[in-house]
Amino acid sequence: MKYNGVIERYKKYLPVTKKTPIITLQEGNTPLIYADYLSKLMGENFEIYLKYEGLNPTGSFKDRGMTLAISKACEEGSKAVMCASTGNTSASAAAYAARAGIKCIVFIPSGAIALGKLSQALIHGAQVLAIEGNFDDALELAKEITKNYPITLVNSLNPYRIEGQKTASFEICDCLREAPDFQVMPVGNAGNITAYWKGYKEYKESGKIKILPKMLGFQAKGSAPIVKGYPIKNPKTIATAIRIGNPASWKQAEAARDESKGMIDLVSDKEIINAYKLLAQKEGVFVEPASAASIAGLLKLAKKDYFKRNTQYARRNTQIVCILTGHGLKDPDRAIKSIKEPKLVQANLKAVLKEIGC
Ligand SMILES: *Cc1c(COP(=O)(O)O)cnc(C)c1O
């Protein structure tokens, strides 16, 4: 059967009816890649998997929620959608709005979004306003406007975003035939950790899985409001997708952490960049910096023997799924800044052979 996106595949679990027009780009169905290098690094009895969400149509997991948010907006007769975005939400909203033939307005924090993401919003024809402020300022404006004008807010405050995003946990369970023991992921506005947890709980309720994973979320050190326990006025990190000082789904993220007996911790930019390079160079998987926070978190906890101490099911290997939220090509500048630039060599055989050590 032809695959036609997450709404069609999981409609049983989603708030759609026969009347809902399905606006899809065949998002979802992303690979769960066995991580050879990381599994070996973690030692015997560990299986590490990478949920490569960068392979969604616009390059991030945001498409899972956007297909539903835009479909429902169309069902309700909306002619325009709006979001504030660190980049990926606007890229996704712009693409799905184009597909649906409705208007899209996006607010981005000026100077703080990666080039790939900005180019997407622009080329899909969204009206892009660069707000002189940070993400949290932009979101406040979008909330205020959509409250008073007939424009649908498609930030993750829109409940359909969370509903669509929970399909990623269904895919993981369908693939492993059970939930993993641990799930590691970056946390920004905290919609995604909320969505995954909701998905796992619903799958357990419906009898598809028997266990629930411990949810392990990671914020960047310079923008870790949930870890610190208070909003951060000027969040800082190179991982722009999680540069958020006052997460919209703060409470739900804490609930996911507490109900699953997991944790929300932080990783430094240096740890993020090291994990970013490790993933690209040892696993062959290119992600944007925010996504590497998953692997930075995995390695941080492994060093403290967290997984060995918290593993409960000794009869089989411990399965850990790391969510890789966005594609590396979103932010090519960061890749080039993180590695030495290509060396200039004369166009003759001798010079080239010398450089490559032959
Ligand atoms: C949106 C996003 C995040 C953060 O997800 P939240 O739901 O805001 O916590 C992380 N990584 C990437 C690539 C994103 O686009």
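Predicted model: local features only at pLDDT ≥ 70, side-chain atom pairs only at ≥ 80, totals over all residues.
Let's start with the ligand. Where does the ligand sit? It sits in the largest cavity. There are 16 residues around the ligand. Those that come nearest are Lys62, Asn88, Gly188, Asn189 and Thr325. How does the shell divide by residue type? It has 7 nonpolar residues, 7 polar and 2 charged.

I'll take three of them, backbone first. A polar backbone atom of Gly188 is 2.8 Å from an oxygen atom of the ligand. Ala190 also contributes its backbone: an N or O atom there lies 2.8 Å from a ligand oxygen. Then a side chain. Thr325 places a polar side-chain atom 2.7 Å from a nitrogen atom of the ligand. How much of the ligand does the protein bury? Taken alone, the ligand exposes 380 Å². The protein buries 96% of that.

So much for the site. On to the aromatics. Searching the whole structure gives 11 aromatic pairs. I'll show one of them, Phe182 with Phe307. Why is this pair edge-to-face? The ring planes stand at 90°, and anything over 60 degrees counts as edge-to-face. The ring centres are 5.0 Å apart.

Which parts of the chain does the pair link? Distant ones. Phe182 belongs to strand S7, residues 182–186. Phe307 belongs to helix H14, residues 306–310.

Notes
Residues numbered from 1 in each chain as written. Heavy atoms only, no water. Near = heavy atom within 4 Å. Polar contact = N/O pair within 3.5 Å; in protein donor to acceptor, adjacent residues only side chain to side chain. Areas by Shrake-Rupley, 256 points an atom, 1.4 Å probe, with all protein chains shown as cover. 1 Å grid on protein atoms, 1.4 Å probe; cavity = no way out; pocket = protein on both sides within 12 Å on 5 of 7 lines; lining within 4 Å. Sits in = over half its atoms within 2 Å of the grid points. Nonpolar A, V, L, I, M, F, W, Y, C, P; charged D, E, K, R; others polar. Phe/Tyr/Trp six-rings, centres within 6.5 Å; stacked < 30°, edge-to-face > 60°. Helix = DSSP H or I, 4+ residues; strand = E, 2+ residues; numbered from the N terminus.
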